[in-house]
Amino acid sequence: MSRLLVKGRQKLSGEVSVQGAKNSALPILAATVLAKGESVLYHCPALSDVDASCGILRYLGCKARREGEALVIDSAGVDRADIPDALMRKTRSSIVFLGAVLARTGRAKLCFPGGCEIGPRPIDMHLRALRQLGAEIRERHGCLDCRAPYGLKGCRVALSFPSVGATEDIMIAAVTASGTTTITNAAREPEITDLADYLNRCGARIYGAGEGVIVIDGVPSLHGAAHTIIPDRIVAATLMSCAAVTGSALTLRGVVSSHLGAVLPVFEESGCHIRVSDGDLRLTAPQRLRSMRVVRTMPYPGFPTDAQAPLLAAACFAEGTSVFVENIFENRYRHTAELIRMGASIKTEGKVAVVEGVPRLYGASVEATDLRGAAALVIAALGAEGQSEISGVRYLERGYERLEQTLSDLGAEIRKV
Ligand code: UD1
């Protein structure tokens, strides 16, 4: 079991390129199942979640290989429609394979990811929509047996909530359905637009991705394509938080600042100075942060739930009280218990966390229990006095590419043991 050792209060400086977005890469990898040929994904991050998706692709009969920072997937040989439980459990987003495998083979057999780390993750919206598209789905003991022997048929799908995963699953399933599919109340995250861009490069006809209504005209089949994955806006927010708690100035390269529309004002409110030009973002933090007042997580373009934990960690150091309202997932404050061990003052009740900033946090032995919670602990450890030992590093590796190396290149004292 690896752990991270962090000696806090070291200034960071310099420039860092932001990795490709995990939440784009995973659905795009699932979508490659539909492309009957080779797809080249540039700027694809090297993450354990990406490895898990490649494991599923290989099991299904695809070839997957790394060429530098590109991932090359050849889906010509797909010859299976089932995904074993052990592969499904490795990544929670594997459910997006459901629409892809069903659309490609007319059949899909898989168990949905068990366990839960940030709250229940139901898939009712996915299943309802796929049934509307004509799939017959049998659910038994947590496993799904789906058939669409005569193919899927375009229809109108109205989502009761703009679920990111459901929007992706429906989009992927609908691209080769007969007729037109319209998704209303669709998720508008940049990763949805990125998935649509990849699919359209493969010959799909998707209109309106990034807006609340997405229209998909079915095409008979897709070919492979080259695509560059967008930068990871959550990794950008995490690195900005690292700079914020250490009073540092940092330049992030390759950022799409419009993807951070709801995040940048929160940093500015806390006293950070931000300058954006040509894909570079420079953040200069004050000596001590000010409180962030109220941060409410919302579907995009609102404040992202995935950036809540990193920003909350930064708020622990701020002067004054910050309030967080988590509206997307039920159980997303688990890391606060560990931050409290480090001296933070946080009270949580249901959706709300009240953070009273303290002048100092102190290094401690803490354990991560989910991906963004792990990032929050790294941020807190960077700002804290003394040494911290963070276990549960495997969570971090699901979403951050060599974070300890990146931070140590920027001047942090951090190493993996
Ligand atoms: C994706 C992201 C995750 C991010 C989340 C919200 C990936 C791989 N993961 O997760 O990092 O935190 O979006 O931005 O892209 N829901 C249902 N029924 C469903 C589907 C969802 O009730 O069928 C609920 C969920 O329990 C949750 C809310 O809808 O409360 C949002 O979930 P969703 O947008 O689907 O998140 P994911 O796609 O799982």
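**The sheets and the domain boundary**

Mentor: Strands here are DSSP runs of E with at least two residues, helices are runs of H or I with at least four, and both are numbered from the N terminus; two strands pair if DSSP finds at least two bridges between them. Strand 4 and strand 5 (residues 70-74) run antiparallel and are joined by five bridges. Within this pair, R65 has V72 of strand 5 as its bridge partner.

The model is predicted, so local features need pLDDT of at least 70 and side-chain atom pairs pLDDT 80 or more, while totals for chains, interfaces and linings use all residues. Residues are numbered from 1 along each chain as its sequence is written, and side-chain values use heavy atoms, without hydrogens or water.

Another open sheet is made of four strands in the order 10-11-13-12, again with mixed pairing. Its edges are strand 10 (156-158) and strand 12 (205-207); each has a single partner strand, so one side of each is left without a neighbour in the sheet. Neighbouring strands are turned by 15° against each other on average, direction ignored. Strand 10 runs parallel to strand 11 (residues 180-184), and three bridges join the two. In this pairing, V157 stands opposite I183 of strand 11. Helix 6 (residues 164-174) lies across strands 10, 11, 12 and 13 (213-217), at about 170° to strand 11.

The boundary follows from the division of the chain into domain 1 (3-19 + 231-416) and domain 2 (22-219), with bounds from an automatic or database domain assignment. Over C-alpha atoms, the domain centres are 30 Å apart. In all, 27 residues of domain 1 are in contact with 22 residues of domain 2, contact meaning heavy atoms within 4.5 Å. About 2000 Å² is buried between the domains, and carbon and sulfur atoms give 52% of this area; buried area is the accessible area (1.4 Å probe) that two parts lose on being put together, summed over both. In domain 1, Y300, F329 and R398 lose the most area to domain 2, together 31% of what that side buries.

R398 also forms a salt bridge with D49, with 3.2 Å between the closest N and O atoms. Two salt bridges are counted between the domains, each a side-chain nitrogen of Lys or Arg within 4 Å of a carboxyl oxygen of Asp or Glu. Nine residue pairs, both at pLDDT 80 or more, are in polar contact across the boundary, that is, with N or O atoms within 3.5 Å, one able to donate a hydrogen and the other to accept it, and with residues adjacent in sequence counted only if both atoms are side-chain atoms. Helix 12 (371-383) and helix 13 (393-396) each supply at least two residues of the domain 1 side that touches domain 2.

Y300 has a further feature: its peptide bond to P301 is cis, with omega near 10°. P301 lies in the loop between strand 18 (294-296) and helix 10 (308-315).

Note on methods
Axes are lines fitted to C-alpha atoms, for helices over the stretch in contact, and angles run from 0 to 180 degrees between N-to-C directions.
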